Amino acid sequence: MLAQVNWWQQIDSYCERNDPSFWAEPLNAWSNAAFWLAAVIFAVWLRRALPTKADDDLPQATLSRARLRELWLLNLLLIGIGIGSFCFHTYAVRWAAMLDVAFIVLWVYAYLWISARRVLLWPLIVILPAMILHLGLAIVLLVMTGWFLLSYLPTAVAAYLLALHASGGHRPGERWLWASAIVFTFSMVMAGLDEPLCQWVPTGTHFLWHVFNAAALLSGSIGLARNLMLPVASTAERDWR
């Protein structure tokens with residue numbers, strides 16, 4: 001079946017695109033730099049979260065190596081989101097759309113997995129059904145409405161639930177998670193207004209989805225990282241190897 005798919009079929013889904021040329025969506029294309037900037041900022045943040053060589057310079061809390069590796073993976077996927085989306089808004093064909101979606105899905109489920117496993121402390125028997133339910137809801141919303149944006153609704157709900165959990169436990173990443181959920185909601189609004197406002201805003205508003213989405217993912221990443229930080233003197237975990 002996949003062999004029969006025309007992977008070079010053109011896709012025209014955004015207000016800014018008026019022809020099939022490579023640079024027909026300059027704002028939608030270059031606004032993906034926001035994801036790369038977010039990845040750089042998070043990388044700098046992670047470097048500062050590492051313990052220093054001198055004991056006197058150690059921060060009050062830091063990240064274990066296992067958790068740090070997971071966050072670096074998350075950051076690499078963030079770079080991938082920018083790459084996939086850039087390809088989609090330049091080539092505007094099926095394979096680029098699939099690349100765009102693939103990196104987004106990988107980031108979302110990596111984030112949910114780390115949050116459920118490391119922060120919520122859920123067992124695998126709970127995590128797997130929850131993630132399947134999340135994916136199922138996203139697919140059902142997409143099929144029932146035909147509107148791809150609504151498939152992000154379960155992710156938005158999950159973002160608010162994680163923020164509520166952090167608030168209930170007075171976790172250090174609480175404010176970052178709330179900011180992430182709120183900004184992500186705003187980014188969805190910007191994406192949804194692209195077509196309705198096209199008559200009045202020729203460039204569309206989809207590029208703002210990229211900008212605010214990048215900010216939401218950065219804020220969510222920092223919030224998650226702060227909630228994963230352990231006291232330096234803690235011996236509760238032995239995953240430093």
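In this predicted model, helix 2 passes helix 8 in a right-handed crossing, a crossing being right-handed if the near helix is turned clockwise from the far one by less than a right angle, and left-handed if anticlockwise. The two helices, residues 33-49 and residues 206-228, pack at an angle of about 20 degrees with their axes 8 Å apart, the axes being lines fitted to C-alpha atoms over the stretch in contact, and angles running from 0 to 180 degrees between N-to-C directions. Helix 2 is therefore roughly parallel to helix 8, as angles under 35 degrees count as roughly parallel, over 145 as roughly antiparallel, 65 to 115 as roughly perpendicular and the rest as oblique. The contact (heavy atoms within 4.5 Å) involves, among others, Phe35, Ile41 and Trp45 of helix 2 and Val211, Leu217 and Ile222 of helix 8. By class, this contact of helix 2 with helix 8 has twelve nonpolar, three polar and one charged residues, where Ala, Val, Leu, Ile, Met, Phe, Trp, Tyr, Cys and Pro count as nonpolar, Asp, Glu, Lys and Arg as charged, and the others, Gly among them, as polar.

The axes of helix 4 (residues 94-119) and helix 5 (residues 124-145) come within 10 Å and cross at roughly 150 degrees, so that helix 4 is roughly antiparallel to helix 5. Among the residues that make the contact are Tyr109, Leu112 and Trp113 of helix 4 and Ile127, Met131 and His134 of helix 5; by class, the contact has ten nonpolar, one polar and one charged residues.

The mean pLDDT of the chain is 90, and 89% of its residues reach 70 or more, pLDDT being the predictor's confidence in each residue, from 0 to 100. Over residues 52-59 the pLDDT is below 50, and over residues 233-241 the value stays under 50. Where pLDDT is low, the predicted coordinates should not be read in detail.

Local features need pLDDT of at least 70, side-chain atom pairs count only at pLDDT 80 or more, and totals for chains, interfaces and linings use all residues. Residues are numbered from 1 along each chain as its sequence is written, and side-chain values use heavy atoms, with hydrogens and water left out.

How values were computed:
Helix = DSSP H or I, 4+ residues; strand = E, 2+ residues; numbered from the N terminus.
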